[in-house]
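Good morning, colleagues. Please have the sequence and the model open as I speak.

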Amino acid sequence: MGLTTADINAGYEKGMKIAIEALDTFVVENVENVRDARQLTKALRSVIGSKQAGHEDLLARLVAEAVLAVLPKVAANFNVDNVRVVKIMGGSLAQSTVVRGMVFGKEPDGAVKKIASERTKVGVYSCPIDISQTETKGTVLLQNAKQMLGFTTGEEVQMENIIKELHDSGLRVIIAGSTVGELALHYINRAGILLLKVPSKFELRRICRVVGATPLARLGAPMPDEMGQVDVVETLEMGGDRVTVFRQESDATTRTATIVLRGATQNHLDDLERAVDDGVNVVKAITKDSRLVPGAGAVEVAIAEAVSRAADKTPGLAEYAVRKFGEAFEVVPRLLAESAGLDATEVLARLYNAHAQTVRSGPAAGGKKSKDDSEHDENNDDEDSLPKRKSKQIKGHNAGVDVLNESGTGVLDVMTEGILDLLVTKHWAIKLATEAARTVLSVDQIIVARQAGGPKPPGPNPNWDED
């Protein structure tokens with residue numbers, strides 16, 4: 001259109017401010033109590049439904065249950081890492097559960113499979129539980145059979161003393177972050193200690209947080225403050241797989257909750273995990289800003305309208321950039337309509353039409369009844385079963401894309417369907433995307449570096465046609 005990048009830049013900045021100001025006016029709900037499972041589930045449904053349509057109610061309930069089990073007294077301190085996911089193949093999604101504690105997708109390595117006593121002491125070791133090997137190779141000369149039989153006795157006695165020392169200190173559960181020797185495993189089984197190998201250092205860090213232990217880099221009896229405590233360690237069978245569960249029953253609020261997901265294929269389980277991860281991060285965002293706006297592309301159309309109206313009043317060349325900035329928001333409802341197999345242009349036209357007018361049902365909100373309204377109510381007392389009818393006004397900016405097209409028009413009332421999005425997510429999406437676009441527009445010169453080193457490539461031969 002012949003506009004300079006400076007004019008476009010200024011228009012985009014003005015458009016961003018208008019869009020963010022308009023976004024704040026479209027707040028329709030607020031999660032007033034983050035500890036209320038019903039309110040939390042309502043905010044999670046749309047986010048989870050975008051990845052797992054049809055399963056949003058079940059997954060939202062599972063995520064809400066897991067989050068509320070680990071939510072600290074100060075909700076803003078909620079850590080998303082405290083909600084874990086374990087995927088077990090087999091069964092259906094309806095068999096998924098929430099476990100108050102940590103679940104490992106394997107059974108204990110030793111003979112002991114269950115410890116269930118209050119405040120069982122737990123030791124976490126990041127070093128190998130084995131006899132230390134010499135750094136250099138050595139040669140041992142055995143003269144007779146007696147020497148051969150007594151060769152390993154010293155190692156056995158040493159290992160037995162180490163495990164006895166651990167048992168005497170009160171340890172009944174050992175978490176090993178490295179290798180465990182066969183000899184050590186033998187004496188651990190004899191001592192009646194439960195052993196679980198956790199090769200991942202991240203999982204080791206999480207289990208330390210659950211039981212309140214310190215990972216030790218030395219093999220020996222831990223100090224009292226280095227030991228953790230757990231109420232129940234048990235092995236359960238889920239869909240043919242045996243899993244180990246660490247559960248704290250004495251704490252009102254557990255440190256970690258695990259969502260055990262069930263599904264037919266690994267790909268399906270991975271999709272479910274991504275949906276759950278989105279849901280948990282939404283809760284984290286809600287603890288910072290709990291305002292909700294209409295979803296399904298409704299708020300984007302409303303912002304596009306607001307920016308377009310502002311463009312009409314903008315003087316100078318910046319008007320064109322502001323108008324195009326507003327049109328860019330149409331991409332969300334357009335993509336939703338196209339993905340659902342609807343005619344995007346037709347749906348967008350109906351959305352703009354719905355946003356342009358306010359549909360009234362009953363007398364105007366907050367106004368007094370007219371004489372005609374009173375007579376109408378008296379005539380319809382028999383038809384209306386409700387004792388008292390409340391005036392209801394559906395706002396125009398609640399019209400969104402009906403991807404299932406149950407309405408037959410491709411447009412629905414998002415408040416009726418409960419499709420709500422987080423305001424803070426859209427706020428930062430607008431802000432960061434605009435900053436990225438403006439940064440690109442600010443680049444007025446691109447310098448391409450020459451290839452370094454080496455001889456120059458041969459040029460064309462001007463005498464190519466001569467002998």
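Let me begin with a definition: a residue is called buried under 20% relative accessible area, exposed over 50%, and partly exposed in between, using a 1.4 Å probe and protein chains only. The accessible areas themselves come from the Shrake-Rupley method with a 1.4 Å probe, and for residues only the protein chains shown count as cover. Because its relative accessibility is 37%, Glu155 counts as partly exposed.

Two remarks on the source. This is a predicted model, in which local features need pLDDT of at least 70 and side-chain atom pairs count only at pLDDT 80 or more, while totals for chains, interfaces and linings use all residues. Residues are numbered from 1 along each chain as its sequence is written, and side-chain values use heavy atoms, with hydrogens and water left out.

Lys and Arg count as positive, Asp and Glu as negative, and His and the chain ends are not counted. Each charge is placed at NZ of Lys, CZ of Arg, CG of Asp or CD of Glu. Glu155 belongs to a negative patch together with Asp130, Glu156 and Glu160. Glu155 sits in helix α5, residues 153-168; helices (H or I, at least four residues) and strands (E, at least two) are DSSP runs numbered from the N terminus.

A nonpolar surface patch consists of Val140, Leu142, Met148 and Phe151, whose accessible area together is about 400 Å². Val140 lies in the loop between β5 (115-125) and α4 (145-149), and with a relative accessible area of 52% this residue is exposed.

Next, the salt bridges, each defined as a side-chain nitrogen of Lys or Arg within 4 Å of a carboxyl oxygen of Asp or Glu. How many does a search of the whole structure find? There are 14 salt bridges. In one of them, Lys17 meets Glu13, with the closest N and O atoms 4.0 Å apart. Both residues belong to helix α1 (residues 5-25) and are 4 residues apart, about one turn of the helix. Lys17, at 49%, is partly exposed, as is Glu13, at 30%. Glu13 and Lys17 also take part in a salt-bridge network with Glu435 and Arg438.

Another salt bridge joins Arg45 and Asp57 at 2.6 Å, N to O. This pair links distant parts of the chain, with Arg45 in helix α2 (residues 37-49) and Asp57 in helix α3 (residues 56-70), 12 residues apart.

Finally, consider strand β10, residues 257-263. Why is this strand largely enclosed by the rest of the structure? The reason is that 7 of its 7 residues are buried. Ala257, Ile259, Leu261 and Gly263 point one way from β10, while Thr258, Val260 and Arg262 point the other way. In a regular strand the side chains alternate between the two faces of the sheet.

Two strands pair if DSSP finds at least two bridges between them. Strand β2 (residues 83-89) pairs with β10 in the parallel sense over 7 bridges, and Lys87 stands opposite Leu261. Strand β3 (residues 97-99) runs antiparallel to β10, joined by 3 bridges, with Thr97 opposite Val260.

How values were computed
Patches are made of residues with over 30% relative accessible area and no salt bridge: like charges are joined within 9 Å, nonpolar side chains (Val, Leu, Ile, Met, Phe, Trp, Tyr) within 5 Å.
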